[in-house]
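Time to open the notebook and see what this fold has to tell me.

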Amino acid sequence: MSISTLIKTLPKTELHLHIEGSLEPALMWQLAGKHNIDLPYDSVAAIEAAYQFSDLQSFLDIYYAGADVLRDEDDFYQLMWAYLSRCREENIVHTEIMFDPQTHTERGIGYDIFMPGFLRAIEQAKTEWGISVQLILSFLRHLSEEEAFDTLALAETWYPHISAIGLDSSELGHPPEKFKRVFDKVRALGFKIVAHAGEEGPADYIWQALDLLQVDRIDHGVRCQEDPALLERVKQEQIPLTVCPLSNLKLKVIDDMRQHNILQLLDAGLLVTVNSDDPTYFGGYLNENYEQLHQALGMNEAQLKALVINSFKASFLPETEKQQWIAKVDAL
Ligand code: ADE
Ligand code: ZN
């Protein structure tokens, strides 16, 4: 079997996906029409053409503006349904999906609108296709810790549907330490914890995420390589890194996919995983991320399987389910 066929055939999991970052330009266009919203684009092609970024912030500005078309329960259902349909096509059997409540509550769209939409699509995908899904509520780090506390409190009736709490948005200038107290509360409530760190921010932000927030996983984390002591810790403790190759390329964390360090980190024994982050904005869903690693870095079959198995290991699935999926990957 060729590597490309194996990428498609293997059962996979995705651990770093922002649902708002899976909004397809065609759906954005359709919802803008439905709600009479004036977009600053005159066609679907013009939306696609606008997706050129110089750094994380230049992307986030467009991403938050795009999310404004999401207004009612059915919009959130359609958004989630479209991504889960893609999971089915790509043979993603388990996914842990981030959502940004503040992107919606700041516009007056409450949990009572987006959660029922998300959950309706998730239930349907479970029933029809057997896809398993967990949700990660993410705080926007450019906002205050106070607002993160409010966001957590507003979610209370939805806690049974949420597995983990995360931290995303503009990294530089908003270190993990800014959110230490709210993550103490998150931990006391029994949630898993993830945080974006070491994407654009320095290795020190990864230390803070580990020591102050006590994260279960680091989102991105590719800059851990700049600090040998940190690299050793991440390796020794097998702290998962949810790496997003196409995102790193499109946000200019790297200039060329051939510079990506993911296979170096894998071969050094780190628990790195492959993910799509915001696939519609960065030009590829999960399989395309694997494909680009093959084309640019010569990822071989053993490395591919190791990456896929790492994702199951790093997931929040029960141990028995992890082992069942890993055995299936090994057998292919
Ligand atoms: N929100 C959506 N995608 C993100 C990313 N790659 N980094 C930080 N915040 C995000
Ligand atoms: Zn992300």
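**Entry 1: the core**

I began with Leu307, which touches Ile262, Leu263, Leu266, Val272, Val274, Tyr290, Leu293 and Met299, leaving out residues up to four places away in sequence. Contact here means heavy atoms within 4.5 Å.

Before going on, I noted the ground rules. This is a predicted model, where local features need pLDDT of at least 70, side-chain atom pairs count only at pLDDT 80 or more, and totals for chains, interfaces and linings use all residues. Residues are numbered from 1 along each chain as its sequence is written, chains are lettered from A and ligands numbered from 1 in the order in which they are written, and side-chain values use heavy atoms, with hydrogens and water left out.

Which residues touch the most other members of the largest nonpolar core? I found Leu84, Phe139, Phe183 and Leu307, out of 112 residues in that core. For both I used the set of buried Ala, Val, Leu, Ile, Met, Phe, Trp, Tyr and Cys residues joined through side-chain atoms within 4.5 Å. Buried is under 20% relative accessible area, exposed is over 50%, and partly exposed is in between (1.4 Å probe, protein chains only). A general reminder to myself: in soluble globular proteins, nonpolar side chains tend to be buried together.

**Entry 2: helix α7**

Next I looked up α7, residues 111-129. Helices here are DSSP runs of H or I with at least four residues, strands are runs of E with at least two, and both are numbered from the N terminus. The expected span is 1.5 Å times one less than the number of residues.

Which residues of α7 are buried? My list reads Tyr111, Phe114, Met115, Gly117, Phe118, Leu119, Ala121, Ile122 and Ala125. They pack against α5 (73-90), β2 (92-99), α6 (101-105), β3 (132-140) and α8 (145-154). Just after the helix, Gly130 takes a positive phi of about 70°.

**Entry 3: rings**

How many aromatic pairs does a search of the whole structure find? I get 20. Rings of Phe, Tyr and Trp (its six-membered ring) pair if their centres lie within 6.5 Å; planes under 30 degrees apart are stacked, over 60 edge-to-face, and the rest tilted.

Phe76 and Phe114 are a tilted pair, because their planes meet at 55°, with the ring centres 5.8 Å apart. This pair links distant parts of the chain, Phe76 being in helix α5 and Phe114 in helix α7, 38 residues apart. Phe76 is buried at 0% relative accessibility, and Phe114 is buried at 0% too.

Tyr77 and Trp81 are stacked, 6.1 Å centre to centre with 10° between the planes. They are four residues apart in helix α5, so about one helical turn separates them. Both Tyr77 and Trp81 are buried.

I also noted a cluster linked by ring pairs: Tyr51, Phe53, Phe59, Tyr63, Tyr64, Tyr281 and Phe282.

Two charges sit over rings, meaning NZ of Lys or CZ of Arg within 6 Å of the ring centre and within 35 degrees of the ring normal. Arg120 lies over the face of Tyr77 at 4.0 Å from the ring centre, and Arg217 lies over the face of Phe316, also at 4.0 Å.

**Entry 4: cysteines**

How many disulfides are there? The count comes to zero, with a disulfide taken as a pair of cysteine sulfur atoms within 2.5 Å. For Cys87, the nearest cysteine sulfur belongs to Cys244, 14 Å away. Cys87 is buried at 1% relative accessible area. The sulfur of Cys224 is 14 Å from its closest cysteine sulfur, in Cys244, which is too far for a bond.

**Entry 5: a few single residues**

Asp216 is in the loop between α10 (203-211) and β6 (217-220). Is Asp216 buried or partly exposed? Partly exposed, I find, because its relative accessibility is 33%. Leaving aside neighbours within four places in sequence, Asp216 contacts Lys192, Ile193, Pro240 and Phe316. Asp216 and Ala314 are 98 residues apart in sequence and 8.8 Å apart in space, C-alpha to C-alpha.

Asn287 sits in helix α15 (residues 286-297) and is buried, at 11% relative accessible area.
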